[in-house]
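Please read them with the structure open.

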Amino acid sequence: MPLLDVGYRTWTGERTYASTRWLVVASTGIRLIWRGTWLKRLMVVLLIPSAVALFFFGVFEQSAEDPNYRNIIRSVFAAREARATAARAGVNINEILLNPTESRHFVWSYLLFFLFRYPQAFSMILVIGLIAPRLISFDLRSRGYLLYLSRPLTPAEYVLGKACVIFFLLAMIAAVPALLIYIAGLFLSPNPWVLFSTWDIPLRVLIATCILAIPTTAIALAFSSLTQESRYAGFAWFTLWVVGSVTYQALATADQLSRREPLRWGEYSHWMLFSPYETLGYLQQEVFGLTAKVGMQWAPWCWILLVSVIGYSIAYWRVARMLRV
Amino acid sequence: MLLACCDIRRFLDPENLIPIPRHPLGTSLGGRDGIGTKKFFGDKISSVHAKYNRIVLGAPQTHTFLTGLFILNRSEPVLEVHDVVKRYGNRDVLKGLSLAIPPGVTGLLGPNGSGKSTLIKSILGLLRINSGHGRVLSYNWPSECKAIREHIGYLPEDDCYLHGLQGIESIQMMARLSGLPRTEALRRAHEVADFCDIDQERYRNVETYSTGMRQKLKFAQALVHDPPLIILDEPTTGLDPSQRESFLDRIRMLAVEKGKSLIVSTHILHDVQRVCDHVVILVGGEVRMTESLERLQQPIEPGLHLRVEENLEGFENSLRRRGIAFERESDRELRVLGVGADQVRCLWQASEESAAPIQHLDAARNSLEDIFLNAIRS
């Protein structure tokens, strides 16, 4: 019994805009996943690669002033992939070492791309695989969708709200660390005009994040909406990435063997469309301006468009279909 | 003058206006929630409120002290649909159904598969109908379903909850989805949780709730945005007898004191009898009967219904000797035909003579169960 029982009282007040109600779904979803202590700890761990990238930013900027730092840069670009990427982008490694400020745009782009391509992509697969399967499947199991959709909310807005939960996580994993590194790079640089030569990098980071977020969210939501058991959705998610990568490696290797023409490190075969990981990597490389323009550029873009449309359509269709009596 | 700047007849049927005397101190207008007062005069209200501070947009009983221009007629249906057809494949679930639901509490009855849930979900716009049109709370239906959902509270039949949220959070979230600002939603959630008798359990995760608690929670979620029309699908399922009575009291209170309109879809006829003003019986996707409960229960021949404590046979013999016609209803209940003052006197005399104390005496009514069964069979 409440201390002050006021009974039922009518409510009058200004309501929020009907077109913004999906934000409630998103904010509640984010609040809910953020309660997990393990997720917070995992996110902190996942920031370590960003700290390493930040270290290299600092070293690179210092190398412009102090040649002793250039040995570290040399060790970074001693890797096969870095050499291959530099070659495709038409940058000479020796030039980087001799005159770092002239190659700043390439080096910053490469470091951020590397961050996206490897640590953050793996982090994304892990975190989304642990979080996303629950987003819709739990609502299907507990019939929570009825509560959502009996309010002024359409199935499309519901899916959008759920997608925003994943967008938030991906932004925290990919875009936010990359942008912070970029800002830190600006401050670490001895040259105050560095902003004018690198102004496009934040935009590239945002586009690369979108490329990562839109199709992967579509896939994750589609899996989540196809089952009431989140573990099945999680299994399907991880299987997709593993099987896709293994298939790509097998086909690409077989292709090379048949052509007797080895695929150089960092290059992509046309079999990459079998692997979401390779396709996203290729597109991000293109966004960061590190890809040599050779054929089939439209295919990966069509791939993410198709995957996104199919993924969101499945999620929408499943939610709308559940309303049948 | 208050509404001189707008032509009322553009918005309202003149028959729905009840003129009331103008007061020299100012003008007020009022209307029961959900019949469109806010929608029609929405942009005028704030200025009028500032000028006169006398606007009342609330429960019907407040109209007794209104001193203004007019009120909206209470008899306008809150929900009116025509020729509704809903098909699943080749099967017609709703077959050209037409229905008008007046304000108050309406019981929606029907056997399983009669289309009750389909009708409710169609009204909410959760299901797309094949054809049909109508008006719900002054909004066009089905074209304005999203706006309609903003003003309807819905308690689903299904056991549904939002996984991972505390009770109070899930009420707050429903409030926010209906447009209440965050802080106001939390305040309102606590208020409604109190009203629905959800005590400290409100801080527990909803997946740990019992069926009865979930039912209360769904009721709170349906009420949190203060909707003028509340649709309750099997609301008393899983409640123990005392909680069920309290629940029904709340439903009745909302209708009588707060002017809410409620549609109660249930199989429990006792609940309908207890709280409803009107009854709609659906059979096979068609409206078989729609009538006020009072009129439905009126017997063709007036009579009295009584229950004696003991010795019913002696009581019956005594009535026969007095020439009073009656029918036995159970081992302690009788229906006496006729309601004259003489007959009532004779009943008390017969009771005294046969030592059969009368426990209960009131006007005889048709049983809702019989009405329901007859409607289905016909």
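1. Two strands count as paired if DSSP finds at least two bridges between them. Strands (E, at least two residues) and helices (H or I, at least four) are DSSP runs, numbered from the N terminus. By that rule, β4(B) pairs with β7 of chain B (residues 131–136) in the antiparallel sense, over 5 bridges. Within this pair, B:Val136 of β7(B) is the residue opposite B:Leu79.

2. This is a predicted model, in which local features need pLDDT of at least 70 and side-chain atom pairs count only at pLDDT 80 or more, while totals for chains, interfaces and linings use all residues. Residues are numbered from 1 along each chain as its sequence is written, with chains lettered from A and ligands numbered from 1 in the order in which they are written.

3. Strand β4 of chain B (residues 79–88) also runs antiparallel to β5 of chain B (residues 91–101), and 8 bridges join the two. B:Glu80 has B:Ala100 in β5(B) as its bridge partner. The hairpin of β4(B) and β5(B) leaves 2 residues between the strands, and B:Gly89 there has a positive phi near 65 degrees.

4. Chain A has 14 helices and 0 strands. Its C-alpha atoms fill a box of roughly 80 × 55 × 30 Å along the principal axes. Two residues are in contact if their C-beta atoms, placed from the backbone, lie within 7 Å. Of the contacts in chain A with a separation of 6 or more, 79% are between residues 24 or more positions apart.

5. A residue is buried if 20 or more other C-beta atoms, placed from the backbone, lie within 10 Å of its own. On that count, 41% of the 325 residues of chain A are buried.

6. Which residues of α1(A) are buried? They are A:Trp22, A:Val24, A:Val25, A:Thr28, A:Gly29 and A:Ile33. Seen down the axis of α1(A), these fall within an arc of 155 degrees (taken from the directions from the helix axis to the C-beta atoms), so they line one face of the helix. Their cover includes α2, α7, α8 and α9 of chain A, together with α5 of chain B (167–177).

7. At the interface, 30 residues of chain A are in contact with 37 residues of chain B. On the chain A side, α1 (22–34), α7 (104–142) and α8 (144–149) each supply at least two residues. The largest share, 5 residues, comes from α8(A).

Methods:
Buried ≥ 20, exposed ≤ 12 C-beta atoms within 10 Å, placed from the backbone.
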